[in-house]
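Biologist: Could you take me through this model, beginning with the ligand and then turning to the sheets?

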Amino acid sequence: MTSATSTTLGFDDDLVRGLTAQLRATSGETFEEQSPLTGRPLATVPRSSADDIGAAVTTAREFQPRWAAVPVAERADCLLRLHDLLLDNQDAILDLICAESGKARMDAYMELVHLVLTARYYGRRAARLLRTSRAAGIVPGLTRVDVNRVPKGVVGLITPWNYPLTMALCDGIAALVAGNTVVHKPDSQTVLTALMGIALLRAAGVPENAWQVVAAPGREVGPQLVAGCDMIAFTGSTATGRQLATATAGRLTSISAELGGKNPLLVLADADLEAAAEGAARACFDNAGQLCVHIERIYVDARVYDEFRERLVSAVTGLVLAPGLGWDCQVGTLISPAQLAKVQDHVSDARTKGATVLCGGHPRPDLAPWCYEPTVLEGVTPAMRCHLDETFGPVVSLYRFDGEDEAVELANQGTQGLNASIWTTDHAHGRRIARRLRAGTVNINEGYAAALASIDAPMGGMGTSGMGRRQGAEGLLRFTEPQTVATQRLVPLTPFGPIGSATGGAEGFVRLLNRGLRVLRAVGRA
Ligand code: NAP
């Protein structure tokens with residue numbers, strides 16, 4: 001086992017004190033974080049009480065009108081400054097992400113890039129997307145119709161551990177630039193990374209009261225945020241998302257929920273099999289499989305199955321499993337004993353029920369306490385837990401299909417619909433198949449990264465994989481209420497005013513309106 005300490009992991013007590021000072025936490029109680037690289041304590045984090053959470057919500061509500069009054073261009077400038085600060089402070093950020101989550105440094109860098117892209121996108125686009133737009137009135141010229149984008153108010157943000165930097169900030173900065181204030185509860189395992197992002201937000205000019213952060217178990221914080229906020233923005237498991245959706249429904253509070261997946265990858269007979277195998281290995285094992293859009297099911301055309309299997313196993317066995325802070329690591333460790341237990345449970349259940357392990361299938365405590373090998377299974381059946389339940393770890397199952405209809409049917413199994421991937425040299429054919437898949441994103445000749453990095457396009461899940469979308473216009477406008485302001489000009493459209501007098505009363509008004517409706521239909525107006 002590695003003997004790294006918190007100092008050799010790249011940060012010290014002063015940094016921890018500085019970061020945790022940003023928390024609203026007055027209870028005097030604390031909890032410990034452990035580093036997955038060592039299994040040893042990494043930091044002591046102050047714990048927020050119910051009073052702290054209540055105070056954060058009250059402050060956020062009081063401050064929100066002032067924040068909304070700041071011109072959107074100024075709010076957007078904060079995001080552009082955040083963009084630069086993230087790049088300037090990249091080494092320290094990557095050290096912290098690796099130490100706290102155990103992921104490979106390249107995975108940490110990629111999440112930093114995702115946040116940088118998101119900050120630039122909303123920093124540059126928010127003013128245009130939030131601008132009041134014009135809509136058509138009933139009679140052209142008679143009614144002016146404006147549609148304003150009004151912030152929801154206070155957004156309760158609940159974020160997971162698997163991408164502790166970008167998941168902590170990427171939705172919240174969209175809420176913020178739209179004029180909302182944020183009360184944030186990061187996952188208890190990765191509070192420090194979230195706090196480092198928030199420190200950079202504050203350095204970029206975001207006032208403390210616009211984004212407050214609390215630390216306590218989600219089951220305690222969740223009900224208070226649901227009760228006090230105007231909207232919940234949640235990323236995490238489908239089980240927790242369902243609980244929050246039930247609670248918000250009772251109060252008619254808005255919710256957006258980015259949840260789990262069991263994402264399929266299809267290899268068509270005409271695919272470049274070398275590229276498909278290499279791409280599939282990345283798509284399955286990036287972030288050690290702890291990535292909502294990663295691939296856990298691979299369906300291969302029976303005509304190329306054997307060749308693809310050989311190439312995939314070779315690509316997977318070539319991955320460098322080396323948890324640590326260096327760039328040499330391609331696959332890091334799982335974050336916790338709970339994650340390791342879930343992965344081991346899925347693999348041993350599959351083995352016991354007759355699946356074959358083509359490669360991997362073992363824990364690697366010699367590398368890090370909760371580390372697990374990239375694992376490829378064959379012969380998985382519906383009786384096995386890993387068949388359609390999300391493993392959220394470095395395990396993928398390999399299946400064969402005969403014909404496109406069967407491929408689509410297999411890919412669409414289950415209730416989740418987050419991401420899918422299709423490998424083919426006929427791109428137009430791939431796009432036609434994509435239309436038949438129930439998935440919020442479909443990547444052609446890429447596993448997940450092409451859609452994830454396209455910040456201009458919406459990203460999210462169908463079915464039990466989520467409600468709402470992050471990224472693109474949708475990712476910003478979900479944090480607003482559309483408000484229609486209709487200004488009536490000249491005369492009211494009523495039989496009892498000047499129009500009624502000119503048309504000889506109610507019956508004349510009706511004849512005029514009917515004629516007008518037929519004309520509008522004939523000229524093709526909406
Ligand atoms: P989780 O248990 O749902 O936890 C996620 C967050 O919710 C944490 O901050 C957690 O806080 C909090 N939480 C837990 N119970 C809560 C409750 N009853 N009320 C309110 N908040 C609560 O998720 P996880 O299993 O750790 O995370 C992995 C899951 O997230 C996977 O299913 C993955 O697919 C999904 N995910 C989805 C996306 C996406 O964009 N679709 C992205 C990343 C991850 P504490 O842990 O501190 O208690």
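Predicted model: local features only at pLDDT ≥ 70, side-chain atom pairs only at ≥ 80, totals over all residues.

Biologist: How many residues surround the ligand, and which are the closest?

Modeller: The ligand is surrounded by 29 residues. The closest are Thr159, Trp161, Ser188, Leu259 and Glu390.

Biologist: Which side chains have an N or O atom by an oxygen atom of the ligand?

Modeller: Ser188 has a side-chain N or O atom 2.5 Å from an oxygen atom of the ligand. For the side chain of Glu390, the corresponding distance to a ligand oxygen atom is 2.6 Å. For the side chain of Ser237, it is 2.8 Å.

Biologist: What share of the ligand's accessible area does the protein cover?

Modeller: On its own, the ligand has 920 Å² of accessible area, and the protein covers 86% of that.

Biologist: Which elements give two or more residues to the shell?

Modeller: They are helix 8 (218-228), strand 8 (231-235) and helix 9 (238-251).

Biologist: And what is the make-up of the shell by class?

Modeller: The shell has 12 nonpolar residues, 11 polar residues and six charged residues.

Biologist: Now the domains, please. Which ones are assigned in the chain?

Modeller: The assignment gives domain 1 (13-259 + 474-481), domain 2 (263-456) and domain 3 (494-526). The C-alpha centres of domain 1 and domain 3 are 51 Å apart.

Biologist: Which domains each supply at least three residues to the ligand shell?

Modeller: Domain 1 and domain 2 each supply at least three residues to that shell.

Biologist: Let us change topic. What is the strand order in the sheet of seven strands?

Modeller: The order is 12-13-14-11-10-16-17, in an open sheet with mixed pairing.

Biologist: Why is one side of strand 12 and of strand 17 left without a neighbour in that sheet?

Modeller: Strand 12 (356-359) and strand 17 (441-444) stand at the edges and have a single partner strand each, so one side of each lacks a neighbour in the sheet. From one strand to the next, the twist averages 25 degrees.

Biologist: In what sense do strand 13 and strand 14 pair?

Modeller: Strand 13 (residues 375-378) and strand 14 (residues 395-401) pair in the parallel sense, over four bridges. Leu377 stands opposite Ser397 of strand 14.

Biologist: What about the sheet of three strands: in which order do they run?

Modeller: The order is 3-4-20, in an open sheet with antiparallel pairing. Strand 3 (133-135) and strand 20 (480-488) are the edge strands, each pairing on one side only. The twist there averages 30 degrees from one strand to the next.

Biologist: How many bridges join strand 4 to strand 20?

Modeller: Nine bridges join strand 4 (residues 143-151) to strand 20, and the two run antiparallel. Asn148 has Gln483 in strand 20 as its bridge partner.

Key. Residues numbered from 1 in each chain as written. Heavy atoms only, no water. Near = heavy atom within 4 Å. Polar contact = N/O pair within 3.5 Å; in protein donor to acceptor, adjacent residues only side chain to side chain. Areas by Shrake-Rupley, 256 points an atom, 1.4 Å probe, with all protein chains shown as cover. Nonpolar A, V, L, I, M, F, W, Y, C, P; charged D, E, K, R; others polar. Domains from an automatic or database assignment. Pairing = 2+ DSSP bridges. Axes fitted to C-alpha atoms, helices over the stretch in contact; angles between N-to-C directions.
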